[in-house]
Amino acid sequence: MTEKYPDLDRQKIREVDDLPLTPFAVEGWKGTIYIQALNGIERDEWEDRFLKMNDSGKITLRGMRAEMIIKKSFNSEGSPLFQKGDKDWLIKKNGDVLIVIFDKILKLSGMDVEAQKDAEKNSVITPADSLS
């Protein structure tokens, strides 16, 4: 059974907090941090920066995990956990720990593999779409 939601208007959408902080237990660091999904602008910027080829025809991913973690990790009060200058030492931390945090942020942002598969299953192609 599909859950019925009330009708929305512009004001209701503006007021919705759809970017809450999510507590995340980091086993490798033996503590909890708070992470947040990317908003639309952040996602566009991240995709533009890391998912395009450089002049030599390669995609450069160096530092992308650390940059995402720095941007979207907070303490329990909602203040940034890291500073931009922390990237130099953060990239030297355990790669498995960084990947776990990075992957969770991607999942919250709808950018993980599972979300991509769900989006493909739920998308509908119209005749107009197939012409482009």
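Asp112 touches Leu106 and Lys107, leaving out residues up to four places away in sequence; contact here means heavy atoms within 4.5 Å. Asp112 sits in the loop between H5 and helix H6 (113–122). Helices (H or I, at least four residues) and strands (E, at least two) are DSSP runs, numbered from the N terminus. With a relative accessible area of 16%, Asp112 is buried. The cut-offs are under 20% relative accessible area for buried, over 50% for exposed, and partly exposed in between, with a 1.4 Å probe and protein chains only.

**Ground rules**

This is a predicted model, so local features need pLDDT of at least 70 and side-chain atom pairs count only at pLDDT 80 or more, while totals for chains, interfaces and linings use all residues. Residues are numbered from 1 along each chain as its sequence is written, and side-chain values use heavy atoms, with hydrogens and water left out.

**The whole chain**

The protein has 7 helices and 3 strands. Along the sequence the pattern reads α-β-β-α-α-β-α-α-α-α. Of the 132 residues, 24% count as buried. The accessible surface comes to about 10300 Å², and 52% of that belongs to carbon and sulfur atoms; these areas come from the Shrake-Rupley method with a 1.4 Å probe, and for residues only the protein chains shown count as cover. Among contacts with a separation of 6 or more, 53% are between residues 24 or more positions apart.

Ala25 is in strand E1 and is exposed, at 58% relative accessible area. Apart from neighbours within four places in sequence, Ala25 is in contact with Gly31 and Thr32. Ala25 and Ile101 are 76 residues apart along the chain, and their C-alpha atoms are separated by 9.3 Å.

Gly28 is in the loop between E1 and E2 and counts as exposed at 53% relative accessibility. From Gly28 to Asp96 it is 68 residues in sequence and 8.4 Å in space, C-alpha to C-alpha.

Lys30 belongs to the loop between strand E1 (22–26) and E2. Phi of Lys30 is near 55°, a positive value in a residue other than glycine. Lys30 is exposed, with a relative accessible area of 76%.

**Helix H3 and its cover**

How many of the residues of H3 are buried? The count is 7 of 9, so H3 is mostly covered. The buried ones are Met64, Ala66, Glu67, Met68, Ile69, Ile70 and Lys72. The elements covering them include strand E2 (31–35), H2, strand E3 (73–74), helix H4 (87–90) and H5.

**Two helix pairs**

Two packed helices are described by the angle between their axes and the distance between the axes. Here the axes are lines fitted to C-alpha atoms, for helices over the stretch in contact, and angles run from 0 to 180 degrees between N-to-C directions.

Take H2 with H3. The axes of helix H2 (residues 40–50) and helix H3 (residues 64–72) come within 12 Å and cross at roughly 165°. H2 and H3 are therefore roughly antiparallel. For the terms, angles under 35 degrees count as roughly parallel, over 145 as roughly antiparallel, 65 to 115 as roughly perpendicular, and the rest as oblique. The crossing of H2 past H3 is right-handed; that is the clockwise case, and left-handed means the near helix is turned anticlockwise from the far one by less than a right angle. On the H2 side the contact has Glu42, Trp46, Arg49 and Phe50, which meet Met64, Glu67, Met68, Lys71 and Lys72 in H3. By class this contact has 4 nonpolar, no polar and 5 charged residues. Ala, Val, Leu, Ile, Met, Phe, Trp, Tyr, Cys and Pro count as nonpolar, Asp, Glu, Lys and Arg as charged, and the others, Gly among them, as polar.

Now H3 with H5. The axes of H3 and helix H5 (residues 95–108) come within 9 Å and cross at roughly 60°. That makes H3 oblique to H5. H3 passes H5 in a left-handed crossing. Met64, Arg65, Met68, Ile69 and Lys72 in H3 meet Leu98, Ile99, Ile101, Phe102, Ile105 and Leu106 in H5. This contact divides into 9 nonpolar, no polar and 2 charged residues.
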